[in-house]
Amino acid sequence: MKVYGGESTAASNKPERIKVGIAEYDVTRNGAVLTTSGLGSCIGVAIHDDQVSVSGLVHVMLPSAEEMDDDNPAKFADTGVKTLIDELESMGGDRTNMIAKIAGGSDMLDFSESGSGIGQRNVVQVKEALETFDIPVVGEDVGGDHGRSLRFEGASGDLIVKSANKDSRTL
Amino acid sequence: MKVDIQSLETFNQLAHEGAEQATASMTQMTGIDAIVDVTKISLVNRADVGEELDTQEFVGVQFDYTGELAGETVLVFDRDCSESMIEALLGGASSDEMARSGVKEIGNIMMSGFIDGWADYLGTTIDHSPPTYIEGVGPDVLPDAPEGDENDHIFVFKSQIEWPNESLEFYIYMLPEYEPLADVMSEHADTENDAIPIDKLEVFNEMTMRGTETAAENVTMMTGIETEAEVSQISFAPITDVPKQVGNETYVGTVVEFTGVPSGFMMVLFDERSAKNVAEAMMPVEVEGEELTEQHKMAIEELGNIMTSGFVDGWANVLQTSVDHTPPRLVHDMGRAIIDPLAAQVGQQQEHAFIIDSTMKTEDIEFEAEIHALPNEQQLREALDELLVERADETDADPEEIFQK
């Protein structure tokens, strides 16, 4: 895990860009831009605390860690959300001031014949997890049958959602 | 000789940690914050190693090593990447001579840790030569196959390292000689449980190549474009690295789920330019404009269907089973978003996955197609168990005989 504190080495005025891969998370306290790409059924959960200006993004793949024997918490919706909140709090954030924006969870290419697909289950699980911590979802772009890429601006808390065949929108 | 899933996971982890260590020492020296993007183990035809290096210019270092593992390991930077790195290390402009020794210096420090990591894990010593400076274009930068090597397949450990702010990349290749590596892998294999005989994995790779050839023939038949199967490889990587097999630009193609033994998913993907070119070759009338129309997409769907059939029939013939697949679903989206839901579906049962990749190309027009298959591990193992291979050197004939229609 990398933590980007105030001692950024970036000399230019352009905010630092941090890439968040699948089943990874990262946080920023100095207004870096967090990006993640290629969300299909995966979900990007962006959490921002305006009071101390900490922001974090996690890219989760599957709904619940309980179903699997896997030690990467950022891979799952339930443990991923919790891990991100813990990390933001360790950097001075407070869950009572946090807001969340979520995007992804598409049901494209879901071949499952019964029950709901992974995309949909991811959305449900992420929302449940956020509710446990009383963090409101103030913006969402989920479901549908297309992919998304995200750009989360740590300074403002704006989440920009890009799709292949649609105009981008800001949450 | 057998290799089990557990030991593949361990070796993959080992290579990944080695790459991380190497990258960390570079960061320490230059202040450049790079990250290891992907590490995977591929079983690939010796002649196809480094195909992904394309036609870029590379510089780097090579080490030869002997001991329990023998072979070569190579660290290559594309030329732009090395220039930025040298600048960070030495500051300002430098002579060619200084740049070369800079690359050697960085390479030496990075790779010593990498090789030591392997030796530690294996509980042995691996002696390596001093670094040799290398440069070249595309795959030519990599060492040639040793003379008189009987095996035409080798395991390649490849890490791709990315430098997010500069969008520059470099690669670490570890090319151990086949026999010693296979011995080491067998020693670390738990043959009771989920071991896969290495020779069967090779046959599966051959089958995939034949399947791709059949698919390419189908393309030629439908479009009149001479198309050739280029590369095929079987790789093993953490499930979360699977989507990185595909680029992030927009692709058009088809996806099917296949059932039976093996089961899983298969994608046929064209970049937009290729999709347009190949679709137009199938259309009776000239098309104006740059847009991908519904007609283009219908043509792609049809093409995806026959390519899938060709490919899957190839497997079914060799495995002597039936492999059924769903009707193709047309996709037009970001590459990684296409493969992501498939990886998630497979990822519900397994932490790592085999990925089968092949590409086809043509000289005539700008056209390239990728085929990626993502089999469920359990069924792949069953399929390989069923595969009758007495000795590796007999396998050459097998797929060919079966592919004779």
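Two residues are in contact here if their C-beta atoms, placed from the backbone, lie within 7 Å. By that rule, the contact between the chains takes 28 residues from chain A and 26 from chain B. The structure is a predicted model, in which local features need pLDDT of at least 70 and side-chain atom pairs count only at pLDDT 80 or more, while totals for chains, interfaces and linings use all residues. Residues are numbered from 1 along each chain as its sequence is written, with chains lettered from A and ligands numbered from 1 in the order in which they are written.

On the side of chain B that touches chain A, the elements that give two or more residues are β11 (250–260), β14 (329–334) and α8 (335–347) of chain B. These names come from DSSP runs, numbered from the N terminus: helices are runs of H or I with at least four residues, and strands are runs of E with at least two. The top contributor is α8(B), with nine residues. Sorted by class, this side of chain B has ten nonpolar, ten polar and six charged residues. In that sorting, Ala, Val, Leu, Ile, Met, Phe, Trp, Tyr, Cys and Pro count as nonpolar, Asp, Glu, Lys and Arg as charged, and the others, Gly among them, as polar.

So what does α8(B) look like, and what does it lie across? It has 13 residues and reaches 18 Å from its first C-alpha to its last, close to the 18 Å expected at 1.5 Å a residue; the expected span is 1.5 Å times one less than the number of residues. Helix α8(B) is mostly covered, with 13 of its 13 residues buried. Buried means that 20 or more other C-beta atoms lie within 10 Å of a residue's own, exposed means 12 or fewer, and partly exposed is in between, with C-beta atoms placed from the backbone. Over in chain A, α8(B) lies across β4 and β9, running at about 65° to β4(A). For such angles, axes are lines fitted to C-alpha atoms, for helices over the stretch in contact, and the values run from 0 to 180 degrees between N-to-C directions.

Those two strands of chain A, β4 (residues 33–39) and β9 (residues 148–153), pair in the antiparallel sense over five bridges. Pairing calls for at least two bridges found by DSSP between two strands. Within this pair, L39(A) stands opposite R148(A) in β9(A). Both strands belong to an open sheet of five, in the order β2-β4-β9-β10-β11 (chain A), with mixed pairing. At its edges sit β2 (17–19) and β11 (169–170) of chain A, each pairing on one side only.

Stepping back, chain A has two helices and eleven strands, and along the sequence the pattern is β-β-β-β-β-β-α-β-α-β-β-β-β. Of its 171 residues, 53% count as buried. Among contacts in chain A between residues at least 6 apart in sequence, 63% join residues at least 24 apart. Two loop residues of chain A have a positive phi without being glycine. One is S53(A), with phi near 50°, in the loop between β5 (43–49) and β6 (54–60); S53(A) counts as partly exposed because it has 17 C-beta neighbours inside 10 Å. The other is D134(A), at about 60°, in the loop between α2 (118–132) and β8 (137–142). With 9 other C-beta atoms within 10 Å, D134(A) is exposed.

Back in chain B, strand β10 (residues 228–238) has eight of its eleven residues buried, so it is largely enclosed by the rest of the structure. Ten bridges join β10(B) to β15(B) (residues 352–361), and the two run antiparallel; here Q233(B) has D357(B) as its bridge partner. Strand β10(B) also pairs with β2(B) (residues 35–45), again antiparallel, over four bridges, where I41(B) is partnered by F236(B).

Helices pack together in chain B too: α5 (residues 198–223) and α7(B) meet at an angle of about 145°, with their axes 8 Å apart. By class, this contact has ten nonpolar, six polar and two charged residues. Among the residues that meet are M207(B) and A215(B) in α5(B), and L303(B) and W315(B) in α7(B).
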